[in-house]
Amino acid sequence: MESTRTVNSVCGMCSARCPISVDIRNDSACWIYGNLHSSLQGALCARGAAGIALEEESDRPQSPLLRVGPRGSGQWQAVSWDEALDYVAEALKKSLSTHGPQSILWSDRDGPFTDLYRAFMRGLGSPNVCTHSVSCDLNAHHAIQSVLGFGRGKVMNDYAHCKHLVLQARNIFEALSVAEARAVGKALKNGCRLTVIDVRASISAAKADNFFCIRPGTDYAFNLAIIHTLINEKLYQQDFVARNTVGFDELTAFVKPYTPAFAARECGISAEAIIHLAHELAALAPQVIWHPGWMTSRYANSFQVARTSILITALLGGINVKGGILQGNDPKDIGRSGLTKFSDLYPAPKLERVDGVGTQHANFDAAKGLLYKAIAAMESGQPYPIKAYLAWRHDPVQSLPDPQAVKQALDALDLLVSVTFSWSDTAWYADVILPLSSYLSRESIIAAKGGLKPQFFVRQRALEPRYDTRADWEIIGGLARRLGLDKLDFTSAQALWDYQLQSTGLTVEDFAATGFVDLCEQPHYPASDMLHLPTASGKIELTGSGWQAKSGQSLCVPYVAPETPAADAFRIVFGRSALHTHGHTMNNPLLAEQMPENVGWVHPSRAAALGFSHGQRVRVLNACGESAGDLQLYCTEGIHPEALFMVHGFGHKLTCESRAYGKGVAGNMLLCGGLDVQDMGGGGLSLQQHFVTLQAMETGS
Ligand SMILES: Nc1nc2c(c(=O)[nH]1)N[C@H]1C(S)=C(S)[C@@H](COP(=O)(O)OP(=O)(O)OC[C@H]3O[C@@H](n4cnc5c(=O)[nH]c(N)nc54)[C@H](O)[C@@H]3O)O[C@H]1N2
Ligand SMILES: Nc1nc2c(c(=O)[nH]1)N[C@H]1C(S)=C(S)[C@@H](COP(=O)(O)OP(=O)(O)OC[C@H]3O[C@@H](n4cnc5c(=O)[nH]c(N)nc54)[C@H](O)[C@@H]3O)O[C@H]1N2
Ligand code: SF4
Ligand SMILES: [Mo]
């Protein structure tokens, strides 16, 4: 019998990218666990453990595929890598010569492994790189930038020293990053208080000292009332605010009308409870974190909800202090050299972006982009046409609202390429599928993680690919070679890593023992409590003065009450389950067994009034009266009566996904016209500004 060997690598089942160790026997993975050298100490979530099932899964594209029937017909021809890459390279050359480099669009899921992709797009000369962020964290990202000058990726929540954590629309114990959930779990054991503000009783709510079941869409009123109370009752950290903030007087005047009594009427939470929370927070300040949220593409005011959450932490003195929100360190902040970037191999394109980021939207981050605007340009040709689109590790058809509208725009393309390891609605609609090896059978570029202890980490190839699939760098290299971008044609992973490490004093052997290299021994906290932030003033900008100077729009935006659903309607509300990642684990044999479909959470009083009961199957209709499929009702007192909650990612309609096919409801089908429903404060989509109705299923249907 062959002995077991262990490879340290990086989980790829979600974007948290936990450090893992993989035990391998007889060329197969037999066990995956959290890297013992890391803070995970062996721990992993259910999805991480189900990585072996993904590897062994045969319901996935097994070789490059070229579309032979109409788009979306599912008629494919299996081809060799040379044929597929030749096809894509020729089509890209045609776009370049006929419509210019700016006609090529790229989107991906962002994160630490994207530098090579960015270099490829720079090499082509296109400025049009977008991420999934418009449907995820863009509002929080821009909100943090408007107050603190740095973005979401640099935020470090110092849970270890925090004394009161507030989670508002943030479900840390189900919408997981294992290290973060463990850090919060440990903090709670050590006495940290937890307040959860949610529209339903999540697992995080079950662990809370205070749980506020808030009326959906009214969080902004709640936060303004907390700010009002902190200021009015002088509960804020006066020295800290005087030294480190600008805009206090303007903020004070703005929040004046937003009393706890006002918020109580909006949110359905008593004024006394709001005042009590403000006092509780002030008593433990400055070791307080009001989490600014993650999935914040929910409402027309989600940018303001995230912005006011940072303001509350700031008023309590919790910025850049132990136990609060810190600006994570880059290698250079602690005197170390960073990785050499692939994107430095080519100059940044000077052409204007198709989505207006940097011009019309001067404040918005070009590293994220506004994907829905790029998609609109496919159809309108304005400000210029987009003709080729590479969706890399991204399923825009399933993750953006209104799949029909997205597909209609995609129809205007000359080329749609999907690079993916699983089937997805976008892959199904593509002209070419380039199948990526699963994360256990590919290596990735070395990645840098900022934080109190910055780190480099590497994904090693634990196994050889089971099918005719390739690693990212092999696919980029193959395209680069054909397009004359020789600098990106790396012949081995070793060559790729050597390039990145050239000025760090490290070699890839330094990663062998643990899979990562810590760049300092001890956590690096700021040396002084005098802040030097990357804002225009260098201070915390309470009214977003620097942001406003660029956009010309005040950030003191009045609260607008959300619409109340009609008597037969519910506001659609989304979230995650700890057992699935978005839309790409529903067909995983182990996870499908644990959670085969989503259910619709509704309040029993609403169900009863409409004649429905717990466990009944109902059809869910969008506001245009179209059916998105059917699901089972889960009646619980633990949800606000206005809301219908479902876990995102189900309702797959691809027959090639044998386990996921036809199970549950796809949320994006419920968002008709949703590509045009946005929060232009932060640029994110408003996926919960939509209502749905329920219909009884006819017997036998
Ligand atoms: N209605 C509704 N819509 C939503 C949400 C919601 O709650 N409700 N949530 C939103 C949120 S927060 C997000 S982040 C998005 C997620 O939306 P997406 O980013 O589109 O979701 P995923 O399913 O994670 O990944 C998309 C595709 O990438 C492939 N993939 C995954 N990992 C990798 C990888 O490492 N490399 C490559 N090449 N491919 C990979 C998968 O096979 C999958 O087909 O959806 C958003 N859309
Ligand atoms: N298991 C698992 N973990 C994941 C992911 C995954 O797919 N699966 N995806 C990762 C990604 S990309 C993201 S963006 C994060 C998302 O992380 P989170 O944003 O924390 O996750 P969600 O479950 O989308 O939403 C959190 C909570 O917001 C609540 N909520 C909805 N509407 C409102 C409202 O109006 N007010 C308030 N106060 N609460 C509301 C929901 O009920 C839900 O419990 O999770 C990450 N981690
Ligand atoms: S949270 Fe779970 S699925 Fe995501 S990277 Fe970590 S172990 Fe993998
Ligand atoms: Mo997300």
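Which residues of the largest nonpolar core touch the most other members? In this predicted model, where local features need pLDDT of at least 70, side-chain atom pairs count only at pLDDT 80 or more and totals for chains, interfaces and linings use all residues, side-chain values use heavy atoms, with hydrogens and water left out. Residues are numbered from 1 along each chain as its sequence is written, while chains are lettered from A and ligands numbered from 1 in the order in which they are written.

The residues in question are F120, F222, L434 and I540, within a core of 161 residues. Helix α8 (residues 219-232) supplies the largest share of this core, 9 residues. A nonpolar core is a set of buried Ala, Val, Leu, Ile, Met, Phe, Trp, Tyr and Cys residues joined through side-chain atoms within 4.5 Å; buried means under 20% relative accessible area, exposed over 50% and partly exposed in between, with a 1.4 Å probe and protein chains only. Helices (H or I, at least four residues) and strands (E, at least two) are DSSP runs, numbered from the N terminus. Contact means heavy atoms within 4.5 Å. Neighbours within four places in sequence aside, F120 contacts L92, W106, I476, L479, A480, L483, L485 and L488. A second, separate core has 63 residues, among them A143, F364, Y429 and F570.

Helix α8 also holds N223, which counts as buried because its relative accessibility is 0%. Beyond its neighbours within four places in sequence, N223 is in contact with Q168, W290, V305, T308, S309 and I312.

Strands β9 (residues 164-168) and β13 run parallel and are joined by 3 bridges, with H164 opposite V288 in β13.

An open sheet of 3 strands has antiparallel pairing and the order β1-β2-β3. Strand β2 (residues 19-25) pairs with β3 over 6 bridges, and V22 has I32 of β3 as its bridge partner.

Methods. Two strands pair if DSSP finds at least two bridges between them.
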